Amino acid sequence: MDTIFALASAHGRAGVAVLRISGPHSHWAAGQLCALPPVRQAGLRVLRHGGETLDQGLVLAFSAPNSFTGEDAVELHLHGSIAVVAKVSEVLAQMEGLRLADAGEFTRRAMDNGHLDLTQVEGLADLIDAESESQRKQALQVLSGAIAEKVAPWRADLLRAAALIEATIDFADEDVPIDVAPEVLGLLCRVKEDLVAEQARTGAATAIREGFEVAIVGAPNVGKSTLLNALAQREAAITSDIAGTTRDVIEVRMHIAGLLVTLLDTAGLRDSDDVVESIGIARAKQRAEASDLRIFLLQQPGEAFDVASRPDDILRYAKSDVSTVAMPSVSGKTGAGVEDLLAEIASKLAPKTSSAGVFSRQRHLLALTTAEIALGKAINTLPRASVMPEVIATEIRVALNALEGILGHIGVEDLLGEIFSSFCIGK
Amino acid sequence: MKQFDVIVVGGGHAGAEAAAAAARMGSRTALVTLRCDAIGVMSCNPAIGGLGKGHLVREIDAFDGIMGEAADRAGIQFRLLNRRKGPAVQGPRTQADRKLYRQAIQALLAEYESLTILQAEVASLIIGSHRVGGIVLADGSHIKADAVIITAGTFLNGVIHVGDQQRAGGRVGDAPSILLAQQLADLDLQRGRLKTGTPPRLDGRTINWSVLDSQPGDDTPTMFSFLNSAPFVPQISCGITQTNARTHDIVRHNLGRSAMYGGHISGVGPRYCPSIEDKVVRFADKDHHQIFLEPEGLDDPTVYPNGISTSLPADVQHQYVRSILGLESVVITQPGYAIEYDYFDPRGLDPALQVKAMSGLFFAGQINGTTGYEEAAAQGLVAGLNAALLATGRPLVTLSRSESYIGVMIDDLTTHGVTEPYRMFTSRAEYRLALRADNADQRLTETAIALGCVSEKRTNSYSTKAGLLSAAQSLLSQTAFSPRELQAAGVEVSADGARRSAYDVLAFEGVTPEHAARLVPDFASFDQAIQLQTACDALYVQYIQRQDRDIQRLRADEALAIPAGFDYSGIPGLSNELTQKLKRVLPVNIFQASKIEGMTPAALLLLISHVRRPSRRLMA
């Protein structure tokens with residue numbers, strides 16, 4: 001039995017995100033990230049992987065049969081950030097014997113282990129149905145357009161490649177071309193290159209669906225929270241004249257020029273002896289690194305922070321109502337320069353959307369990666385097509401099946417159809 | 001009082017294998033056929049096996065069936081297809097002497113003491129309430145039994161076409177058969193119409209063999225049965241020739257006179273076995289098509305020209321055949337023809353091949369929309385085993401897609417139905433690397449022994465082999481070698497520091513049992529067959545492990561049976577559309593249900609919970 005994992009809470013930004021892991025390797029897997037607390041006791045843990053800190057959160061372990069699924073299970077209560085969840089998921093996916101759960105799979109396991117009664121199942125089914133209905137509608141809309149347009153030619157190319165290989169296997173005795181390798185190589189390489197390019201675009205696609213993160217970064221008491229409130233047009237963050245008022249990251253979701261944006265107000269960057277403030281500062285740096293766009297609020301020219309700069313960073317001189325050090329400047333208090341700042345944010349985010357791919361879900365990304373890896377193996381085996389076509393065929397099938405998960409079903413009938421329409425079979 | 005446990009109607013390849021299987025299970029079995037001397041007749045091409053088909057024969061043999069043994073006794077040109085490719089896609093095939101094959105089948109059936117062969121015509125079925133109770137013969141006598149297997153081939157509304165001439169073929173026209181057909185029609189099973197064709201048969205003495213290429217059998221023939229190691233009779237070669245532009249002109253010029261192109265045939269023919277008319281029309285850019293000239297027997301001059309089946313009139317057949325190299329003065333002994341026939345939609349069957357609507361009634365073979373001797377025999381085996389199990393009140397057995405080609409075929413048939421005559425291909429098996437012809441016994445014989453359909457001789461032979469294979473594998477897996485040690489033994493491996501066992505490296509290309517014996521000298525003490533089989537088993541290990549996850553889920557879903565008569569309307573929350581689909585398809589397990597178009601995870605969840613409810617109540 002595989003060990004499966006998935007986000008159990010709603011996708012997107014939230015206070016807390018719960019990642020559930022279930023199956024025989026769940027305790028082992030969580031144990032790779034932190035020291036597991038005793039069963040059924042919550043423990044605050046820092047999750048680390050390969051020397052890198054992933055997040056800090058509550059960890060809860062359950063032993064079979066006393067868990068939702070009836071299997072050994074672990075819940076990781078992470079910070080509700082898409083970046084954090086994605087990173088932890090990625091780490092888990094690379095562990096031996098772990099994989100992302102299919103739709104309804106936790107519930108299926110719970111039921112297989114007799115852990116759900118009928119009313120519970122019906123309640124869950126309603127929920128899943130509601131979700132899958134909206135997903136289906138969305139999928140249909142997407143399918144009728146961009147995704148279908150992308151996947152259909154890959155599917156056709158792989159089907160053709162598979163048919164060429166299968167024809168040399170199943171109709172070895174008949175009038176089929178013997179050396180199909182050159183045509184298959186061309187087809188597989190073309191699809192593989194496309195898959196690589198498409199994967200590079202998935203990050204932006206996810207951002208469009210889930211929102212861009214825009215972080216406000218600067219020294220303490222420079223007016224970051226005041227600016228956030230001005231941009232959001234509400235009192236989202238507490239403001240005061242005391243440096244270090246903002247300690248944790250404050251998030252405000254809003255639309256800027258039609259794009260979903262999460263504004264992040266972060267702790268002012270300085271050296272601090274205060275333990276709590278230090279954690280806030282570390283977190284501020286981390287979020288600034290991970291965000292899609294940063295606004296640096298400066299007090300004077302040449303001011304530097306412990307955050308690597310990027311070409312598209314936005315620079316503003318702070319508190320233009322008090323003193324105008326240099327241009328461009330902004331004042332959260334009076335609102336001067338806020339419109340101008342919003343326009344610049346919009347113009348900096350716009351190019352990021354145009355490069356976006358159509359595959360925005362983690363499931364899509366997983367499918368593209370799986371297909372790409374399989375095609376790589378198939379291509380490496382192609383020089384030996386005459387002696388091990390069955391291995392090449394298996395890899396192409398893995399790739400087709402992965403893409404099938406995105407777009408409808410590819411049955412063997414499609415394959416045979418391709419063979420019979422291409423070659424004269426029947427000696 | 002019943003006279004038999006199981007009655008098999010029909011003596012073709014499905015009927016013979018079904019009767020043998022039921023008899024092996026210890027059932028008192030009757031095989032009822034119109035002509036005892038026609039049992040085991042090969043009515044189409046004189047060959048057994050091939051790709052996918054050879055796998056089926058090996059699987060039948062793993063159950064101690066008769067087709068593999070008969071093919072070995074009658075084989076006159078053995079070839080292992082795809083010999084140079086991987087073992088997963090190698091398929092044993094042989095040309096078979098028609099007379100020897102028929103004789104072998106009849107001799108093998110005669111060995112079963114619990115099998116009675118009756119020459120009679122079946123008029124109708126004895127039907128109780130949703131249960132079959134036996135048959136009525138044309139002379140009015142009743143024969144009672146717990147299970148009846150119908151292997152009627154193409155007898156249902158068969159029509160034979162030669163050009164624009166038609167005549168009723170099979171059993172149409174006989175009043176009693178019409179009654180049987182009517183009874184079957186009353187079962188509310190969907191029917192469809194298919195067609196298939198044959199080439200003209202040639203007199204080999206009028207072929208100019210000297211100008212033709214010939215294709216000999218393999219130097220080391222590969223047998224079908226795991227119990228045989230060499231051919232029984234002398235071996236021959238086949239001839240090879242091809243059509244040419246003139247042949248195609250003749251065919252094209254006369255297309256209007258072809259039964260198929262003249263609009264006389266409505267049935268759907270197989271795409272993989274096109275007639276010469278089809279080839280000329282659909283592949284107009286090809287200027288020739290290959291023809292294999294297959295002798296029908298050692299002392300029979302008839303030759304089967306494989307590749308030019310047709311429904312053109314006899315005079316056109318004469319003309320185009322004589323346009324072909326080597327056949328300039330050939331004599332046609334029997335013109336080719338197309339045959340149209342009815343089949344029953346196999347979606348009306350459960351995976352044991354029992355008619356869902358009629359307990360005790362089984363269908364096997366061409367009646368289910370398949371083509372080929374091997375496909376028919378494999379279904380006969382499954383129907384025979386299950387009829388015997390039913391008669392003794394034991395649970396029925398079904399084979400999974402993940403363990404056999406037979407399972408793939410029956411799942412395809414009962415889940416998807418057919419749109420053309422169904423033939424087995426290796427590409428139909430998604431677990432092809434695990435389902436090989438070479439390991440059919442390892443996959444199935446233990447199951448067969450547990451069922452009780454395996455002779456003592458085979459049980460002993462298999463146990464010995466399985467013990468040796470397991471010993472050889474653990475011997476090779478015991479010791480891990482460094483890259484340097486492996487390289488010293490001639491194994492090409494990168495110096496990555498990883499230690500690998502001899503079994504691991506047998507999966508590498510170019511690594512042979514000899515390499516393994518250099519690493520582990522004791523391996524050389526196993527005989528060659530065991531060494532080679534160990535290498536086959538090692539070759540795909542990593543791919544098979546990757547597929548195991550899918551296989552586990554598949555088996556879990558297959559294991560969740562939906563009871564017959566399950567009430568879908570009693571499930572709140574299940575959409576009306578899906579309820580209707582479920583009622584129409586009547587899936588027998590959750591795996592089948594999951595493949596219904598439009599099935600959602602939520603609906604499946606609901607279904608599973610309701611299917612499981614009674615058992616939980618019992619447990620509580």
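Over the ring of which residue does the charged end of A:R20 sit? The ring belongs to A:F106, and the charged end of A:R20 is 5.7 Å from its centre. A charge counts as sitting over a ring if NZ of Lys or CZ of Arg is within 6 Å of the ring centre and within 35 degrees of the ring normal.

This is a predicted model, in which local features need pLDDT of at least 70 and side-chain atom pairs count only at pLDDT 80 or more, while totals for chains, interfaces and linings use all residues. Residues are numbered from 1 along each chain as its sequence is written, chains are lettered from A and ligands numbered from 1 in the order in which they are written, and side-chain values use heavy atoms, with hydrogens and water left out.

| Charged residue | Ring | Distance to ring centre |
|---|---|---|
| A:R20 | A:F106 | 5.7 Å |
| B:R58 | B:F226 | 5.1 Å |

Now for chain B as a whole. It has 20 helices and 22 strands; helices (H or I, at least four residues) and strands (E, at least two) are DSSP runs, numbered from the N terminus. Of its 620 residues, 60% count as buried, where buried means under 20% relative accessible area, exposed over 50%, and partly exposed in between (1.4 Å probe, protein chains only). Among the contacts in chain B with a separation of 6 or more, 73% join residues 24 or more positions apart; contact means heavy atoms within 4.5 Å.

Let's look at one helix, α10 of chain B. Its 12 residues, 405–416, reach 16 Å from the first C-alpha to the last, close to the 16 Å expected at 1.5 Å a residue. That expected span is 1.5 Å times one less than the number of residues. Because 11 of its 12 residues are buried, α10(B) is largely enclosed by the rest of the structure. The cover over these buried residues includes α2 (53–62), α9 (373–391), α11 (440–451) and α19 (590–594) of chain B. After α10(B) comes B:G417, with a positive phi near 70°.

Next, the nonpolar cores. Such a core is a set of buried Ala, Val, Leu, Ile, Met, Phe, Trp, Tyr and Cys residues joined through side-chain atoms within 4.5 Å. In the largest one, with 107 residues, B:I7, B:I48, B:I135, B:L361 and B:F363 touch the most other members. Helix α9(B) gives the most to this core, with 11 residues. A second, separate core of 35 residues includes A:W154, A:L188, A:L382 and A:A399.

Two single residues are worth a visit. B:E69 lies in helix α3 (residues 67–74) of chain B, and it counts as buried because its relative accessibility is 15%. Leaving aside neighbours within four places in sequence, B:E69 is in contact with B:L108, B:S225, B:N228 and B:F232. B:G91, found in strand β5 (residues 91–96) of chain B, is buried, with a relative accessible area of 0%. Although B:G91 and B:K53 are 38 residues apart along the chain, their C-alpha atoms are separated by 7.4 Å.

Finally, the structure holds six aromatic pairs over all chains. One of them, B:F566 with B:Y568, is edge-to-face, at 5.1 Å centre to centre and 75° between the planes. Rings of Phe, Tyr and Trp (its six-membered ring) pair if their centres lie within 6.5 Å; planes under 30 degrees apart count as stacked, over 60 as edge-to-face and the rest as tilted. Both B:F566 and B:Y568 are buried.
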